Amino acid sequence: MSNSDRVVLALGGAGTVGSGIVKALLDKGFRVAVISRDISRLEKLRSLISPNMKKNLTTIVGNVGSEEEAEQVKQDLLKQVGRVTDIVSSLGFSWWQGGPPHTQSLKDLHWVIDTLLYSTFVSWKAFFPLVRDSSDCTYTFITGGAGEKLLMPGTGFLTVGAASALAFCQVLREEYPDVPCKLNQVKIDAGVATPERLMPGYLNHLELGKAVATLVERRNASHTVFTVNCPADLKTVLLDGNL
């Protein structure tokens, strides 16, 4: 199956990490679908894509964090693209620094968990059946390293939410050891930014996108966690072809 015959659903594809992945997938000839509740973010994404690539990009307005709405948007997706062969999930946010736990409310904690865990679970439950039974298909989670340590004072809830996402991915690998679909995780223990906002130690979202697109393209690993700690790690992965 050539890249042009494959359709990648990029969950979170309108975000900083996701947009880099979407561009890289389109550059490799994949057809790509992106779902977002925010029309303006979808419009911004389309503005970043070169005109000759836009024909391969499908954008859909919808909420993948609600079970009912996720099922509806899945039907809308299938009507527009026919089928899905690959899924990349980069849902959530990369930063939260609301303060130490005693200054936060239960509502704040609910919001963090909802954004980092619940949406990941609900979308997986809705879309995983589209790819789970084929060895030609892939499902790739993009997660962060914040779940393994407190990044700095005031980021505690980010650690709690990110740890929940890491645990969920571990559960899936162990609960579904023999699923034919290539089930992988890219864990990013570094900041990610667009080229104009890069800082020392941060990953260029376009370079990260190339690495993830390569993983999706090759389909030669499953139930594996690929960890990127710094830009040098990412370059090594790309140049050596470890993905």
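Guide: Before we start, one cut-off: a residue is called buried when its relative accessible area is under 20%, and exposed when that area is over 50%. Keep in mind that this is a predicted model.

Visitor: Why is valine 84 called buried?

Guide: Its relative accessible area is 5%. The limit is under 20%, so valine 84 counts as buried.

Visitor: Where is valine 84 found, and what does it touch?

Guide: Valine 84 sits in the loop between helix 3 (67-81) and strand 4 (86-89). Leaving aside residues up to four places away in sequence, valine 84 touches Val7, Leu9, Leu77, Leu130 and Val131. As for glutamine 97, 13 residues apart from valine 84 along the chain, the two C-alpha atoms are separated by 36 Å.

Visitor: Why is lysine 210 called partly exposed?

Guide: The relative accessible area of lysine 210 is 41%. You'll find lysine 210 in helix 6. Its C-alpha atom and that of asparagine 56, 154 residues apart along the chain, are separated by 17 Å.

Visitor: What elements make up the protein chain?

Guide: There are 7 helices and 9 strands.

Visitor: How many of the residues count as buried?

Guide: Of the 243 residues, 49% do. In soluble globular proteins, nonpolar side chains tend to be buried together.

Visitor: Which residues of the largest nonpolar core touch the most other members?

Guide: That core has 33 residues, and Val22, Leu25, Val32, Val34, Leu57 and Ile142 touch the most other members. Among the elements giving two or more residues to this core are helix 1 (16-27), strand 2 (31-36) and helix 6 (205-218). There's also a second, separate core of 31 residues, including Val7, Leu11, Ile60 and Ala126.

Visitor: What does valine 22 touch?

Guide: Not counting residues up to four places away in sequence, valine 22 touches Ala10, Gly13, Val32, Val34, Leu45, Ile49 and Leu57.

Terms used: Residues are numbered from 1 along each chain as its sequence is written. This is a predicted model: local features need pLDDT of at least 70, side-chain atom pairs count only at pLDDT 80 or more; totals for chains, interfaces and linings use all residues. Side-chain values use heavy atoms; hydrogens and water are left out. Helices (H or I, at least four residues) and strands (E, at least two) are DSSP runs, numbered from the N terminus. Buried means under 20% relative accessible area, exposed over 50%, partly exposed in between (1.4 Å probe, protein chains only). A nonpolar core is a set of buried Ala, Val, Leu, Ile, Met, Phe, Trp, Tyr and Cys residues joined through side-chain atoms within 4.5 Å. Contact means heavy atoms within 4.5 Å.
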